[in-house]
Amino acid sequence: MRTNMIDFRSDTVTKPTDAMRAAMANAKVGDDVYGDDPTVNRLQDMAAERFGFDSALFVSSGTQANLLALISHCDRGDEYLCGQQAHNYKFEGGGAAVLGSIQPQPLNNQADGSILLTDIEAAIKPDDVHFARTRLLSIENTIGGKVLPQQYLADAQALAFNHNLKIHLDGARVANAAVAQNIAISDITQYFDSVSICLSKGLSAPIGSILLGDERLINKAIRWRKMLGGGMRQAGIIAAAAELAITDQVDRLAEDHDNAALLAQHLLEMPELNVDISQVQTNMVFATLDKRFDVKHLTLLLAQQGILISSSYSLRFVTHKDISRQDILTFVKALKACLPQALTK
């Protein structure tokens with residue numbers, strides 16, 4: 001078995017760069033709960049300025065950043081609108097409802113990842129004691145690897161404003177969306193009252209996310225972060241890597257997108273898989289495996305070849321910094337060899 005696995009499960013598996021490791025080893029630190037960690041403060045100031053916000057808060061994860069945004073925008077008994085496939089609705093443990101007493105109102109995502117503006121408008125509750133108070137619209141970009149158009153974001157912002165709603169962006173992979181469109185991240189974040197950006201996915205930091213907003217929102221988020229046990233002490237050690245994620249790793253994402261396109265082209269030629277290549281816009285490739293094959297056995301066979309994939313008939317392959325063009329070709333060759341062995345008798 002290979003000592004360095006080729007891991008397609010997610011871009012969360014990225015390892016920090018050598019420059020990040022050196023920055024972490026030499027970071028100046030303080031107690032961030034007291035607000036005196038100089039490296040954290042520099043990161044927050046830089047992120048706020050770069051992405052067009054008054055304030056920023058460094059937190060431990062994207063899930064925490066989204067939760068802090070939701071419960072800082074909304075009070076108990078309020079609701080937020082989002083997509084059925086939204087990460088902060090489907091994959092974050094129901095935190096807004098459990099910890100914030102906030103009602104999610106999920107709406108259908110279209111094939112391109114968007115939510116119809118007419119569906120959003122129809123879901124806004126009237127000012128009536130029978131209903132939860134609609135306070136927030138939450139949008140994800142990218143979503144399932146797909147990029148939401150800039151005009152859609154502008155229209156969603158206008159809708160939110162006209163209905164006195166705040167608008168939040170789950171921008172876990174917003175850097176991928178920006179690179180795919182050859183625009184700055186701030187060109188996307190300009191449409192939102194708050195934004196969460198994950199730094200430990202394709203941007204390769206070992207840990208951490210940034211929450212962006214105005215001073216009032218961030219002050220509320222700081223209080224909630226402490227209450228949730230998210231206050232960190234000498235966090236400058238990880239903030240040093242997070243800073244390099246923002247400054248050094250964004251442009252490099254274009255390589256991941258090229259590798260995803262290459263992988264999709266090869267998978268498209270394999271009759272055992274169904275691939276919608278039109279949906280490959282950033283660093284994700286989705287494919288459906290023919291049910292004649294045992295996906296668990298296939299996963300095991302590939303693991304024995306030093307290749308990790310998620311075990312599901314609806315396969316998701318994610319490219320990232322630690323997957324090269326040669327790794328793509330190695331995987332395709334191994335997949336072709338393993339598929340006949342995974343055919344059910």
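Analyst: The terms are taken in turn below, each set against its definition. This is a predicted model, in which local features need pLDDT of at least 70 and side-chain atom pairs count only at pLDDT 80 or more, while totals for chains, interfaces and linings use all residues. Residues are numbered from 1 along each chain as its sequence is written, and side-chain values use heavy atoms, with hydrogens and water left out.

User: Why are H2 and H11 called roughly parallel to each other?

Analyst: Helix H2 (residues 38-51) and helix H11 (residues 236-248) pack at an angle of about 25°, their axes being 8 Å apart. Angles under 35 degrees count as roughly parallel, over 145 as roughly antiparallel, 65 to 115 as roughly perpendicular and the rest as oblique, and H2 and H11 are therefore roughly parallel.

User: What makes valine 285 buried?

Analyst: Valine 285, which lies in strand S10 (residues 284-289), has a relative accessible area of 0%. Buried means under 20% relative accessible area, exposed over 50%, and partly exposed in between, with a 1.4 Å probe and protein chains only, so valine 285 is buried.

User: How do you know that the chain agrees with a compact globule?

Analyst: The radius of gyration is taken over C-alpha atoms, and the globule rule is 2.2 Å times the number of residues to the power 0.38. For 345 residues a compact globule would have a radius of gyration near 20 Å, and the chain has 21 Å, which therefore agrees. The C-alpha atoms fill a box of roughly 60 × 50 × 35 Å along the principal axes, and 53% of the 345 residues count as buried.

Conventions:
Axes are lines fitted to C-alpha atoms, for helices over the stretch in contact, and angles run from 0 to 180 degrees between N-to-C directions. Helices (H or I, at least four residues) and strands (E, at least two) are DSSP runs, numbered from the N terminus.
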